[in-house]
Amino acid sequence: MSLSKPERRIAIWVGVIIGVTASSMLFKYAIREKNERSSQRIGSYDSNFTAVLRQKFPPVPKEIRENFPNGLVLYYESNQTLFPDTEAKNEDYWIIETTGAFRSERLFILARIRPHAQKQTETKFYRASELYFTLSSASDPQELKDFLPENEFRIIGRNSNSEELIIQTKNFTPKRLKEILTKLPKETPIIESIRLVEFVQSK
């Protein structure tokens with residue numbers, strides 16, 4: 001028995017509705033599965049293990065989660081200080097991998113957590129893989145290039161305001177950054193000082 005024209009139209013629309021509903025359910029299921037896999041990935045905020053060396057870390061501070069919601073924890077060190085101008089020994093440092101303005105751009109962020117009274121903390125962010133070098137008045141960039149190990153450091157530019165050289169480093173664990181900041185200037189008269197660069201979120 002053949003369907004009438006109105007009945008065929010109803011049957012077609014029912015099929016379309018069922019197809020759309022099924023596709024929507026499959027899409028939501030795929031997204032849920034992806035999110036669950038991401039949260040279990042080593043280095044993710046909920047995994048509690050760093051992506052490098054798989055060291056255990058405590059709950060990620062909300063300031064990091066809020067500023068870098070899709071970040072990956074590469075390194076974590078507690079009760080340390082990277083900065084030669086501070087006597088604090090109980091700061092926590094997180095190295096976070098995240099994306100920049102373009103998804104293909106990888107950023108490495110150093111999060112510095114400083115405890116204060118009344119259980120409050122101060123959080124600052126720096127570029128982990130870039131440092132500013134000030135040379136002595138008698139030195140030039142070529143001397144610095146010859147001095148620095150080329151398998152770790154690379155001169156990528158100059159700050160037009162301060163005239164500091166911008167140096168990219170491949171090794172940016174908290175421990176290595178501390179060595180660079182405190183020991184490297186003492187090893188050669190070429191370098192007057194080294195500092196980390198604060199990271200400011202683009203609006």
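**Salt bridges and a nonpolar core**

Arg114 is partly exposed, at 22% relative accessible area; that class lies between buried (under 20%) and exposed (over 50%), using a 1.4 Å probe and protein chains only. The model is predicted: local features need pLDDT of at least 70, side-chain atom pairs count only at pLDDT 80 or more, and totals for chains, interfaces and linings use all residues. Residues are numbered from 1 along each chain as its sequence is written, and side-chain values use heavy atoms, without hydrogens or water.

Arg114 pairs with Glu122 in a salt bridge, 3.9 Å from N to O. The term means a side-chain nitrogen of Lys or Arg within 4 Å of a carboxyl oxygen of Asp or Glu. Glu122 also bridges to Lys124, again at 3.9 Å. Glu122 is partly exposed at 24%, and Lys124 is partly exposed at 28%. Shared partners join Glu91, Arg112, Arg114, Glu122 and Lys124 into one network. The structure holds 10 salt bridges.

The largest nonpolar core has 28 residues. Such a core is a set of buried Ala, Val, Leu, Ile, Met, Phe, Trp, Tyr and Cys residues joined through side-chain atoms within 4.5 Å. Its largest share, five residues, comes from strand 4. Strands (E, at least two residues) are DSSP runs numbered from the N terminus. Leu110, Phe133 and Leu144 have the most contacts inside this core.

Ala128 lies in strand 4, residues 121-135. Ala128 is buried, with 0% relative accessible area. Beyond its neighbours within four places in sequence, Ala128 is in contact (heavy atoms within 4.5 Å) with residues including Leu110, Phe172 and Leu177.

Notes. Helices (H or I, at least four residues) and strands (E, at least two) are DSSP runs, numbered from the N terminus.
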